Number of protein chains: 2
Amino acid sequence: MAMRKKRTNDPEGMRRRVLDVAEDSFQAHGYHASSLGDLMAAAGVTGGALHHHFPTKKALALAVIEERVAAAVRETWIEPVLAASSAREGVRAVFEAVAAELEQQGYVRGCPLNNLAHELSLADDEFRSALARIFGNWRQAIADKIRADQPGGGEGGTDPERFAALVVATYSGAMSIAKTSQDAGILRECLRGLESFELSPSQGGSTVKRRRRVLPRPKIA
Amino acid sequence: MAMRKKRTNDPEGMRRRVLDVAEDSFQAHGYHASSLGDLMAAAGVTGGALHHHFPTKKALALAVIEERVAAAVRETWIEPVLAASSAREGVRAVFEAVAAELEQQGYVRGCPLNNLAHELSLADDEFRSALARIFGNWRQAIADKIRADQPGGGEGGTDPERFAALVVATYSGAMSIAKTSQDAGILRECLRGLESFELSPSQGGSTVKRRRRVLPRPKIA
DNA sequence: GACAAAACAGGACAACCGGTCTGTTTTATA
DNA sequence: TATAAAACAGACCGGTTGTCCTGTTTTGTC
């Protein structure tokens, strides 16, 4: 008399839905402020199903980090930079693309990698090493691109690792400031700072023609 | 018959002790992962006393931000930079001092401002504005120092705000990476990146003499 | 010393969290 | 179709959290 019960097992889809809402909630509220109850409600998933795919909250977060956060860095940074005509051009394009996207959506939720890195690095060593590996891959991709530019282009004097470290640090820090001030303009400011410390001759009033070192060597060791 | 009860009211000292342990715990474990019970035990303070000085956990965190975090930025960044012979020298000195301190203590807990900024900026607007103000003061101090260098020194072509934004972003991001990798070396790497993109002529094998722009202008608008 | 306010003590509580447990349904395999 | 494993449902529980509340003690003030 009652309607037949229906259920379609879709383990992959359910797992994906859980990861979707977890990724979003971790980004918006952080790990500790995201309760499994909220995630279950948002994903339309029962406790049994959640526990079946992710035995603990930590396992869920680890999956988010290794699958989603790593993919986000790959898609928004590594692939565009590697596909660009040069490392420097790739870096510029990513900075501006991200700034444009943030300004369009009107708010700044920050870098997913950075957000979780701050909250979880000291809490658990598995979290920390997973996040550190993503940072490492990110830096290495940029350094590799610089190296690829060196034979033909004019990157002979650029230290690849140093350049990559500076770019990743500047971007991460700029996103932190942007998130706190809810203003993506700092990204463009930092990009211009990377492009050139001194104003270009056509803009600046300085009479100095020759480029100087960005920071002087210390006078005393 | 029993010993007389003794108690010495010391509101300022008690408030200071609570702020001490809260500052430390927020830095080590973050806001959400720091329970008031733990703080009370660590500070040797009862619930009544804690509630008397800080009615809510949020009020406590706000006090930590406005009194302790702001002071930390002032003491480790603003005052040393303003006291230095130049902005660039001050920046260099702070980077190296922090790197040396982190290497000496063997672990990296990250920048207090950055840590709380990531966890609390999106959670509450009072938190966010308080943190944003500290970032703003930090940047402004560096920019002011650059401006102070300009009349006499050779900072004619340097945009103060741009320089300050780049320095603060690079430092914040470098600390994020250092915290995640538990290695302060990235701070020195980033400092050298700030000092000079291209290797100095005496070090580099490049034959290029004239300094080039750090990042080329985009070919198409 | 009277007295009010501040400072402090410590228990109580309701809400919530993450994890576990038992039971049912679907699906793969033979 | 028999059967075991996977997939899912949903209730349950111990522990924790932040806050509140009622007293007690100290301290400043007239």
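Predicted model: local features only at pLDDT ≥ 70, side-chain atom pairs only at ≥ 80, totals over all residues.

User: How is a pair of packed helices described, and at what angle do α7 and α8 of chain A pack?

Analyst: In general, the description of two packed helices rests on the angle between their axes and the distance between those axes. In chain A, helix α7 (residues 125–149) and helix α8 (residues 160–181) pack at about 130 degrees, and their axes lie 8 Å apart. The orientation of α7(A) and α8(A) is therefore oblique. The crossing of α7(A) past α8(A) is right-handed.

User: Which residues of α7(A) and α8(A) meet?

Analyst: On the α7(A) side they include A:F135, A:W138, A:I142 and A:I146, and on the α8(A) side they include A:P160, A:F163, A:V167 and A:V168. By class, the residues of this contact between α7(A) and α8(A) are eleven nonpolar, no polar and three charged.

User: What is the domain assignment of chain A?

Analyst: Chain A is assigned domain 1 (11–55) and domain 2 (59–195). Taken over C-alpha atoms, the centres of these two domains of chain A are 26 Å apart. Contact between them involves eleven residues of domain 1 of chain A and 13 residues of domain 2 of chain A. The domain 1 side of that contact in chain A has seven nonpolar, three polar and one charged residues.

User: Which residues are closest to DNA strand C, and which element supplies the largest share of the surface near it?

Analyst: DNA strand C is surrounded by 27 residues, the closest being A:S35, A:L36, A:T56, B:G47 and B:G48. The largest share of this surface near DNA strand C is the five residues from α3(B). Its classes are six nonpolar, 14 polar and seven charged residues.

User: Which residues come nearest to DNA strand D?

Analyst: Around DNA strand D there are 27 residues, of which A:P11, A:G48, B:S35, B:T56 and B:K57 come nearest. Two or more residues each are given to the surface near DNA strand D by α1 (11–29) and α3 of chain A, and by α2 (36–43), α3 and α4 (57–83) of chain B. The element giving the most near DNA strand D is α3(A), with five residues.

Technical notes
Residues numbered from 1 in each chain as written. Chains lettered and ligands numbered in written order. Near = placed C-beta within 6 Å. Helix = DSSP H or I, 4+ residues; strand = E, 2+ residues; numbered from the N terminus. Nonpolar A, V, L, I, M, F, W, Y, C, P; charged D, E, K, R; others polar. Domains from an automatic or database assignment. Contact = placed C-beta atoms within 7 Å. Axes fitted to C-alpha atoms, helices over the stretch in contact; angles between N-to-C directions. Parallel < 35°, antiparallel > 145°, perpendicular 65-115°, else oblique. Left-handed = near helix turned anticlockwise from the far one by under 90°.
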